[in-house]
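I opened this structure to note what I could look up in it. The entries follow the order in which I looked.

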Amino acid sequence: MALGLSPWALLAIAIALEVAGTLILKLSDGFAKVHWGVLAIALYSVCLWVLSSVLKSIPVGVAYAIWAGVGIVAIAAIGFLAFGERLGLSQIVYMILVVVGAAGLQMTTK
């Protein structure tokens, strides 16, 4: 494994990079602030590089479901806390379902 880390640790790093990239993309103001946009692209690029290493050990469906699901919940929480974006009850319920689905996929994959 890259850097001597487990695939699950690398998946956590990929998630953190994706969330950071999305946060920075928001700060780019639609690429009006080019430096933030370029940084977002760099973070996404490193994220995908790390994720590609994860896919050597974790099935793609499981890795992607966890990566996307945790990323969705994390960025929605950051949007709520940092940018005052609203989250309705139905949105929260659907995010919980995403996490449950990703966890279920992982638990039932051999």
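Entry 1, salt bridges. I started with the term itself: a salt bridge is a side-chain nitrogen of Lys or Arg within 4 Å of a carboxyl oxygen of Asp or Glu. I also noted that the model is a predicted one. With that cut-off in hand I counted, and the structure holds one salt bridge. The partners are the side chains of Lys26 and Glu85, with 3.3 Å from N to O. I then looked up where the two sit: Lys26 belongs to helix α1 and Glu85 to the loop between α3 and α4, so the pair ties together parts that are 59 residues apart in sequence. Lys26 has a relative accessible area of 45% and is partly exposed. Glu85 is partly exposed too, at 34% relative accessibility.

I went back to the chain as a whole. I found four helices and zero strands in the protein. Read from the N terminus, the order of elements is α-α-α-α. I wrote down the spans of the helices: α1 covers 7-27 and α2 covers 34-54, α3 takes residues 60-83, and α4 takes residues 89-107. For the extent of the protein, I read about 45 × 35 × 15 Å for the C-alpha trace along its principal axes. Of the 110 residues in the protein, 27% are buried.

How do α1 and α2 cross? Their axes come within 8 Å, at an angle of roughly 160 degrees. That makes α1 roughly antiparallel to α2, since angles over 145 degrees count as such. The crossing of α1 past α2 is left-handed.

I took α3 and α4 next. Their axes are 9 Å apart and the packing angle is about 155 degrees. This makes α3 roughly antiparallel to α4. I noted a left-handed crossing where α3 passes α4.

The last pair I looked up was α1 and α3. Here the axes are 9 Å apart, and the angle is about 40 degrees. The two helices are therefore oblique to each other. In this case α1 passes α3 in a right-handed crossing.

Entry 4, the loop between α1 and α2. I looked here for backbone angles. Asp29 is in this loop, and its phi is near 55 degrees, a positive value in a residue other than glycine. Phe31 is also placed in the loop between α1 and α2. The phi of Phe31 is near 70 degrees, again positive in a residue other than glycine. Is Phe31 buried, exposed or partly exposed? With a relative accessible area of 39%, Phe31 is partly exposed.

Which residues form a nonpolar patch on the surface? I listed Leu89, Val93, Tyr94 and Leu97, which together have about 450 Å² of accessible area. I followed up one of them, Leu89, which is found in helix α4. Leu89 counts as exposed, because its relative accessibility is 68% and the cut-off for exposed is over 50%.

Methods: Residues are numbered from 1 along each chain as its sequence is written. This is a predicted model: local features need pLDDT of at least 70, side-chain atom pairs count only at pLDDT 80 or more; totals for chains, interfaces and linings use all residues. Side-chain values use heavy atoms; hydrogens and water are left out. Patches are made of residues with over 30% relative accessible area and no salt bridge: like charges are joined within 9 Å, nonpolar side chains (Val, Leu, Ile, Met, Phe, Trp, Tyr) within 5 Å. Accessible areas come from the Shrake-Rupley method with a 1.4 Å probe; for residues, only the protein chains shown count as cover. Buried means under 20% relative accessible area, exposed over 50%, partly exposed in between (1.4 Å probe, protein chains only). Axes are lines fitted to C-alpha atoms, for helices over the stretch in contact, and angles run from 0 to 180 degrees between N-to-C directions. Angles under 35 degrees count as roughly parallel, over 145 as roughly antiparallel, 65 to 115 as roughly perpendicular and the rest as oblique. A crossing is left-handed if the near helix is turned anticlockwise from the far one by less than a right angle, and right-handed if clockwise.
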